[in-house]
Amino acid sequence: MRLQALYDLQQEINRLFIAGSKFAKGDPRLQKHIPVFQRLGEKAPVFTKLAADIDDLLKADSQQSSEKLTALSTLLYSVLYTQGETTEAEAPEQEQKPNIKIDDIRTEYSYLQLKPVIQALTVSNSGRMEILKDALERNIFKDSRTYPYLDAALSDKYAELCQYVEQTIIPTVGEPVVPFLLQNFRYEDRTDHVRRLRLLSKFRPDLMPAMTEKILSESLPALQAETITILSADPANEPLFLKLADDKNKLVRESAFNALARLNTKTGMEKLTALFAKNKSKPGNLSAIANVLGSTHTSLFFKEIFEQVAEALNAFLEMDASADEKLLLEKLNLFEIQMTALKNKADDSIPVFLSNLLKNKTFHRLASQKKTLASSVQSVYHNVIDIINTFEASKKLAFYEEHIHNIPNTDWNYLLWNNYMYAAIDQYPSKKFFETFHQPVAHQLISIRYLYNAFTVKKDSGYDFNVKFKDELMDEHWASELYPFFAGKLKWDWDYNMALRIIHHLEKKDKKLNALLTDLTKKVAPNDSVDIFRLLLIREAPKRFETIFSVLEKLPKGTYCWQLNQLSGKNLWNQFPQEYAEKFSKLYDKTQLTLFREIADEIFANVP
């Protein structure tokens with residue numbers, strides 16, 4: 001029997017599921033169904049119950065509306081199952097099971113509110129991350145209608161978006177999203193299934209034994225690598241990791257290496273140490289093992305590991321400069337890879353080893369004579385710094401204080417000096433900081449932009465002027481040390497801008513800087529003069545308006561002024577006297593450069 005009233009009500013309920021249950025309150029389209037079902041209720045009580053549920057939904061507030069809508073929908077579909085036509089003729093029937101618990105259903109937002117969020121999760125448009133971050137702040141993902149789209153986003157082609165959904169959004173939703181993860185999970189070696197497995201291991205650890213057993217029994221390296229990570233918290237799985245450390249697949253092997261390092265048992269570390277010695281002819285595998293060993297703080301088998309590293313260095317140092325460059329590079333690369341295993345180790349032999357390396361004349365002679373080794377030598381220096389950075393703060397400073405002045409001058413010493421300076425930021429008072437680093441800055445062993453970053457709280461870039469200086473670190477003598485930087489012929493770059501900012505902060509009233517700024521307007525291209533113009537205006541330097549105007553009026557038609565445009569809207573151009581508005585307007589008429597019109601508008605807008 002087909003009762004049309006049931007299908008009409010079904011249509012209204014489906015509409016509210018899409019639009020949001022909060023729109024049900026007082027809905028006239030829903031209201032008209034009450035008398036219909038009250039009349040039908042004279043023949044069957046279930047219709048009276050439907051009429052009562054409709055009335056409850058009409059009166060429910062937004063907090064209760066989703067629960068009332070679900071209750072009405074459940075009753076309606078139960079009636080349709082017995083009184084309606086729910087399948088096509090001869091169509092196969094399949095049991096329908098809800099994929100989400102009734103208690104987890106939330107439909108508090110309208111479809112208009114959900115639409116841009118759903119599109120951001122499913123359609124490749126610009127600005128998607130911003131939409132998702134805003135939606136997260138507004139708790140839109142509490143709405144259960146977003147759950148299937150969150151799961152779908154795990155397979156998006158943009159890894160950053162997938163990562164944000166997996167690591168940030170879905171954890172706020174929690175277990176209610178599990179049915180959708182399970183529904184779409186496949187035993188296939190794809191990244192989206194790895195993400196689903198990772199999430200399921202957090203929300204439903206009870207499912208892991210059966211899932212991991214199946215994964216490990218098949219050829220699914222990506223899923224197997226994640227499975228090893230999931231299992232790595234349990235020491236009982238160590239025999240499995242020992243076996244998989246020799247697996248043919250790189251992903252599986254490296255995951256097993258990490259699992260053994262995480263357990264940090266004597267058996268596991270012995271296995272890694274043996275592999276470290278065994279894989280000298282396999283750089284890829286050796287690099288993975290060395291990185292894993294360098295990630296641990298354990299002292300287990302340190303002596304054996306250290307001997308391997310020292311042996312690799314000696315093998316390079318024993319080479320003759322006339323040897324085949326390919327062989328020299330091979331020996332150096334082996335040492336460069338193996339030395340990463342020394343990170344995070346507290347043994348006193350490491351600082352001695354590093355200082356001897358940095359002072360070794362044979363090493364520097366070989367490195368300087370063969371240009372083909374330059375990249376690997378630089379990597380060695382970076383590794384040295386990475387190892388030093390794992391020292392505790394006092395030990396790191398002690399290393400530099402003892403050795404840096406005795407290291408031969410090379411093309412790579414600036415790496416050590418920059419790292420030394422950053423290590424001293426929170427340790428040295430301003431006077432000692434200046435005494436230690438002003439000469440390396442003068443000799444360009446430390447770049448001025450690195451010095452600027454050390455002096456500022458916010459590591460800004462470009463024309464972001466809103467930075468806070470660390471006055472407690474800035475000795476007054478830095479200004480006099482930076483003035484010589486502007487002597488002679490200038491090839492302008494960001495270091496000059498950073499130097500000007502430092503001098504200005506230290507000497508806000510100094511006339512010498514005003515004179516330098518004015519002189520620089522004659523030497524520096526207009527598009528490179530943003531900081532110069534800004535400082536002239538901020539410092540209220542004499543003749544600043546005419547100085548800047550005389551530079552800008554020489555800009556030819558068609559000049560691309562994107563750098564100078566950074567000064568617009570910064571309350572700088574509006575400092576010009578009113579008569580300059582007309583001057584810039586005439587320049588705009590002459591050149592059609594938008595910059596001049598914007599300057600004139602800012603000046604006019606400031607006129608009382």
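Tutor: Contact here means heavy atoms within 4.5 Å. The model under discussion is predicted.

Student: What covers the buried residues of H33?
Tutor: Helix H33 runs over residues 594-605, and its buried residues are Leu595, Phe596, Ile599, Ala600, Glu602 and Ile603. They span an arc of only 160° around the axis, which puts them on the same side of H33. The cover over these residues includes helix H31 (544-552) and helix H32 (579-591).

Student: How far does H33 reach from its first C-alpha to its last?
Tutor: H33 has twelve residues. At 1.5 Å a residue, a span of 16 Å is expected, and the helix comes close to this with a reach of 16 Å.

Student: Is H31 largely enclosed by the rest of the structure or largely open, and how many of its residues are buried?
Tutor: The buried residues of H31 are Arg544, Phe545, Thr547, Ile548, Phe549, Val551 and Leu552. Their cover includes helix H29 (511-520), helix H30 (530-538), H32 and H33. H31 is therefore largely enclosed by the rest of the structure, its buried residues numbering seven of the nine.

Student: Within what arc do the buried residues of H23 fall?
Tutor: In helix H23 (residues 393-403), the buried residues are Lys396, Leu397, Phe399, Tyr400 and His403. Helix H20 (349-359), helix H22 (374-388) and helix H24 (413-424) are among the elements that cover them. Seen down the axis of H23, the buried residues line one face of the helix, because they fall within an arc of 155°.

Student: Which residues does Phe335 touch, not counting residues up to four places away in sequence?
Tutor: With residues up to four places away in sequence left out, Phe335 touches Val309, Ala312, Leu313, Phe353, Leu357 and Val380.

Student: What is the radius of gyration of the chain?
Tutor: The chain has 33 helices and zero strands. For 608 residues the globule rule gives 25 Å, and the computed value is well over this, so the chain is more spread out than a compact globule. Along the principal axes, its C-alpha atoms fill a box of roughly 100 × 80 × 40 Å. The radius of gyration is 35 Å.

Student: What percentage of the accessible area do carbon and sulfur atoms supply?
Tutor: Of the 608 residues, 48% count as buried. The chain exposes about 31600 Å², and the part of this area supplied by carbon and sulfur atoms is 50%.

Student: Is Asn139 buried, partly exposed or exposed?
Tutor: Asn139 sits in the loop between helix H7 (128-137) and helix H8 (147-153). Its phi is positive, near 60°, in a residue other than glycine. Because its relative accessibility is 44%, Asn139 counts as partly exposed.

Student: What is the phi of Phe301?
Tutor: Phe301 lies in the loop between helix H17 (283-295) and H18. Although Phe301 is not a glycine, its phi is positive, at about 60°.

Methods: Residues are numbered from 1 along each chain as its sequence is written. This is a predicted model: local features need pLDDT of at least 70, side-chain atom pairs count only at pLDDT 80 or more; totals for chains, interfaces and linings use all residues. Side-chain values use heavy atoms; hydrogens and water are left out. Helices (H or I, at least four residues) and strands (E, at least two) are DSSP runs, numbered from the N terminus. The expected span of a helix is 1.5 Å times one less than its number of residues. Buried means under 20% relative accessible area, exposed over 50%, partly exposed in between (1.4 Å probe, protein chains only). The arc is that of the directions from the helix axis to the C-beta atoms. The radius of gyration is taken over C-alpha atoms; the globule rule is 2.2 Å times the number of residues to the power 0.38. Accessible areas come from the Shrake-Rupley method with a 1.4 Å probe; for residues, only the protein chains shown count as cover.
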